[in-house]
Amino acid sequence: MIAEPKLASLSSTAQSIRFFRKLGDFALAGFVAGFIGLGLMTFRGMMRLLTITSGQAGRLTENDNVAGEFTLDGTLFLVGAGAFIGAFVAVLIGSIRPAYSSRTWLTIPIFAPLLTRLLVLSPGNEDFTKFGPGWVAIIGFTFGVAIYLALVEFLTRLLETRWRIPKALGLVVGAGATLLVALGVFSAGVESVGGIAFAAVATALMVGLWGQGSWHVPLARVVAIAIAAVGLIIWAQAAIEIA
């Protein structure tokens, strides 16, 4: 009678340790992949390419930055934003990863359209008119996001198999990732019905990842299909307007 609660407590502790280490792997992989794929290639690299292809160097962007001008502050902001966004998204990707873990390449078609649309493809942004052609922006930004997603999966695999980080570091990174996701999810959840739904689904996926419940994989599959479908629709709409 006395031993059973203790065993349950140990089981819960082991689950939590495994959960935080998983999140640590996802977050670390996403941070590095975001630095490279989002910060350097998508945000900084594509801005430079569009400045060249449009021949509009020196013009002001919508944010009152000078096109083609490299500054240390600007570059650090872009790569830093890419790294932290990359870590946040990678943890969310990790929450549905069991649904397609045997087909890792599916990460790209599932998430690339939605992420590209949400992060960079904004038809209302006048910079797509100033710095074109539009098809270069569409292909380039989508390619950069795809590279980020491929790097997330590649680095996650390495961290899970060959480059195991120390347990203590994994727990610290995982705890930090949990806080990052909680802040991001619940800040979005108070703004709209869609935000509330996003927060609810993300929370359910995290709980399922922690407990490894039988319902987690079916839910993750439904979410993955929804992400792919919605992402493709809104990406196509934006692409048509920009092009």
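Author: A salt bridge is a side-chain nitrogen of Lys or Arg within 4 Å of a carboxyl oxygen of Asp or Glu. This is a predicted model, in which local features need pLDDT of at least 70 and side-chain atom pairs count only at pLDDT 80 or more, while totals for chains, interfaces and linings use all residues. Residues are numbered from 1 along each chain as its sequence is written, and side-chain values use heavy atoms, with hydrogens and water left out.

Reader: How many helices does the chain have?

Author: Helices (H or I, at least four residues) and strands (E, at least two) are DSSP runs, numbered from the N terminus. Read along the sequence, the chain follows the pattern α-α-α-α-α-α-α-α. There are 0 strands, and the number of helices is 8.

Reader: Which residues are linked in a network of salt bridges?

Author: A search of the whole structure finds 3 salt bridges. Arg97 pairs with Glu153, the closest N and O atoms being 3.0 Å apart, and Arg97 also meets Glu160 at 2.9 Å, N to O. Arg157 forms a salt bridge with Glu153, at 3.0 Å between the closest N and O atoms. The network therefore links Arg97, Glu153, Arg157 and Glu160.

Reader: How many residues apart in sequence are the parts that Glu160 and Arg97 tie together?

Author: The side chains of Glu160 and Arg97 meet in a salt bridge. Glu160 lies in helix 5 and Arg97 in the loop between helix 2 and helix 3, so the parts that the pair ties together are separated in sequence by 63 residues.

Reader: Is Arg97 buried or exposed?

Author: Buried means under 20% relative accessible area, exposed over 50%, and partly exposed in between (1.4 Å probe, protein chains only). The relative accessible area of Arg97 is 9%, so this residue is buried.
By contrast, Glu160 has 30% relative accessibility and counts as partly exposed. The class of Arg97 is thus buried.

Reader: Where does Ile138 lie?

Author: Ile138 is buried, with a relative accessible area of 7%. The C-alpha atoms of Ile138 and Ala243 are separated by 7.8 Å, although the two residues are 105 residues apart along the chain. The element that holds Ile138 is helix 5 (residues 134-161).

Reader: Is Phe84 buried or exposed?

Author: Phe84 lies in helix 2 (residues 72-96). Its relative accessible area is 52%, so Phe84 is exposed.
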